[in-house]
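Have a look at the chain shown below before reading on.

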Amino acid sequence: SQRIHRQYLRREWTSELASRQSRSFKYSPQGVNPQPDITLPEIQRALESGQVITGQTSEDTPSAVLAVPIKLRGETLGVIHLKDIALPDREWKEDEILAISAIADQAGLALENVRLLEKTMRTAERDRKALEMTGKIRATADTKSMIDIALQELRETLKATRAHIILKDDHFTDSSNESLHHAEKAASRAGPK
C-alpha cells in the first residue's frame with residue numbers, strides 16, 4: 001500500500017508541477033519571489049537521492065551549501081537550498097541540518113495540504129458548473145431547447161469552438177430525430193466548427 005501511495009503522490013505532484021508557471025522560489029530581504037528553475041548539482045543530487053547534501057561551491061562566489069529534500073511519505077517533492085557566502089568554508093552542524101530537515105518535513109505536509117485544498121476547490125467548482133448547467137437544461141420541457149442549452153453551456157464552460165450532441169437513432173422516435181436535426185443546425189449557427 002505504501003508503494004501504491006507513493007506512485008499516486010508521484011503522479012499527482014508531476015501533474016501539479018506541470019501546471020505551475022514557477023517551481024522555484026527565492027527568499028531575499030524583499031520577500032519570497034518566483035524565479036527560473038535552478039539546476040545546481042547539489043539540488044539535483046538531493047532531488048535524485050532524497051538525501052541531505054552539504055558542501056562548498058566555487059561558482060561566482062565561493063559559498064557553503066546545504067540542500068535538504070522536502071519529502072512527503074518517502075517521496076521527494078522538492079529541496080530547500082541554503083547558501084552561506086559569508087562563511088564559504090562553513091561545516092553545517094548536525095543540529096542545523098536537523099532543524100532544516102524538520103522544516104522541510106513541515107513544508108512537505110503544508111504543500112500537500114494546499115494541493116489537496118486546491119484540488120477540492122477545482123472539483124467543487126466543476127460540480128457547481130455542472131449543477132448550474134443541469135438546472136438550466138431541466139428548466140425547459142422542450143427537447144430542442146434542452147439540446148440548445150446543453151450545447152451552448154458546454155461550449156461556454158469548456159471554451160470549445162465546436163460542440164455536438166448525437167442521439168442514437170434506435171432509442172428515439174422520429175420527433176426526437178427531428179430535434180437532433182434542429183440541434184445540429186443550432187450548433188452550426190452558434191459558432192465555427
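How many residues does α4 have, and how far does α4 reach from its first C-alpha to its last? Helix α4 has 16 residues and reaches 22 Å, close to the 22 Å expected at 1.5 Å a residue. The expected span here is 1.5 Å times one less than the number of residues in the helix.

## Ground rules

This is a predicted model, in which local features need pLDDT of at least 70 and side-chain atom pairs count only at pLDDT 80 or more, while totals for chains, interfaces and linings use all residues. Residues are numbered from 1 along each chain as its sequence is written, and side-chain values use heavy atoms, with hydrogens and water left out.

## The chain as a whole

The protein chain has five helices and five strands. Both kinds of element are DSSP runs numbered from the N terminus: helices are H or I with at least four residues, and strands are E with at least two. Reading from the N terminus, the order is α-β-β-α-β-β-β-α-α-α.

Of the 193 residues in the protein chain, 28% are buried. Buried means under 20% relative accessible area, exposed means over 50%, and partly exposed lies in between, using a 1.4 Å probe and protein chains only. Among contacts (heavy atoms within 4.5 Å) between residues at least 6 apart in sequence, 46% join residues at least 24 apart.

## The hairpin

Strand β1 covers residues 24–28 and strand β2 residues 31–35, and they pair in the antiparallel sense over five bridges. Two strands count as paired if DSSP finds at least two bridges between them. In general, strands of a sheet pair through backbone hydrogen bonds, either parallel or antiparallel.

Two residues lie between β1 and β2, and the strands form a hairpin. Phe 25 has Pro 34 in β2 as its bridge partner, and Ser 28 stands opposite Gly 31 in β2.

## The three-stranded sheet

An open sheet is built from three strands in the order β3-β4-β5, with antiparallel pairing. Its edge strands are β3 and β5, each pairing on one side only. Neighbouring strands are turned by 25° against each other on average, direction ignored.

Strands β3 and β4 pair in the antiparallel sense over five bridges, and Gln 56 has Ala 64 in β4 as its bridge partner. Helix α3 packs on this sheet, touching β3, β4 and β5, and its direction makes about 40° with that of β4. Such angles run from 0 to 180 degrees between N-to-C directions; axes are lines fitted to C-alpha atoms, for helices over the stretch in contact.

Helix α3 has 45 residues and spans 65 Å from its first C-alpha to its last, close to the 66 Å expected at 1.5 Å a residue. Its buried residues are Ile 97, Ile 100, Ala 104, Gly 108, Glu 112, Arg 115 and Met 133. What covers them includes α1, β3 (53–57), β4 (63–72), β5 (75–84) and α4 (143–158).

Helix α1 (residues 2–18) packs against α3 (residues 94–138) at about 70°, with axes 12 Å apart. The two helices are therefore roughly perpendicular to each other, a label for angles of 65 to 115 degrees; angles under 35 count as roughly parallel, over 145 as roughly antiparallel and the rest as oblique. On the α1 side, Tyr 8, Leu 9, Glu 12, Trp 13 and Glu 16 take part, meeting Leu 111, Glu 112, Arg 115, Glu 118, Lys 119 and Arg 122 in α3. By class, this contact has four nonpolar, no polar and seven charged residues. Nonpolar here covers Ala, Val, Leu, Ile, Met, Phe, Trp, Tyr, Cys and Pro; charged covers Asp, Glu, Lys and Arg; the others, Gly among them, are polar.

## Two buried glutamates

Glu 12 sits in helix α1 and is buried, with a relative accessible area of 17%. Leaving aside neighbours within four places in sequence, Glu 12 is in contact with Arg 115 and Lys 119. Glu 12 and Arg 115 are 103 residues apart in sequence and 9.1 Å apart in space, C-alpha to C-alpha.

Glu 153 belongs to helix α4 and counts as buried at 10% relative accessibility. Not counting residues up to four places away in sequence, Glu 153 touches Met 133 and Lys 136. The buried residues of α4 are Ile 147, Asp 148, Ala 150, Leu 151, Glu 153 and Arg 155. Just after α4, Lys 159 takes a positive phi of about 55°.
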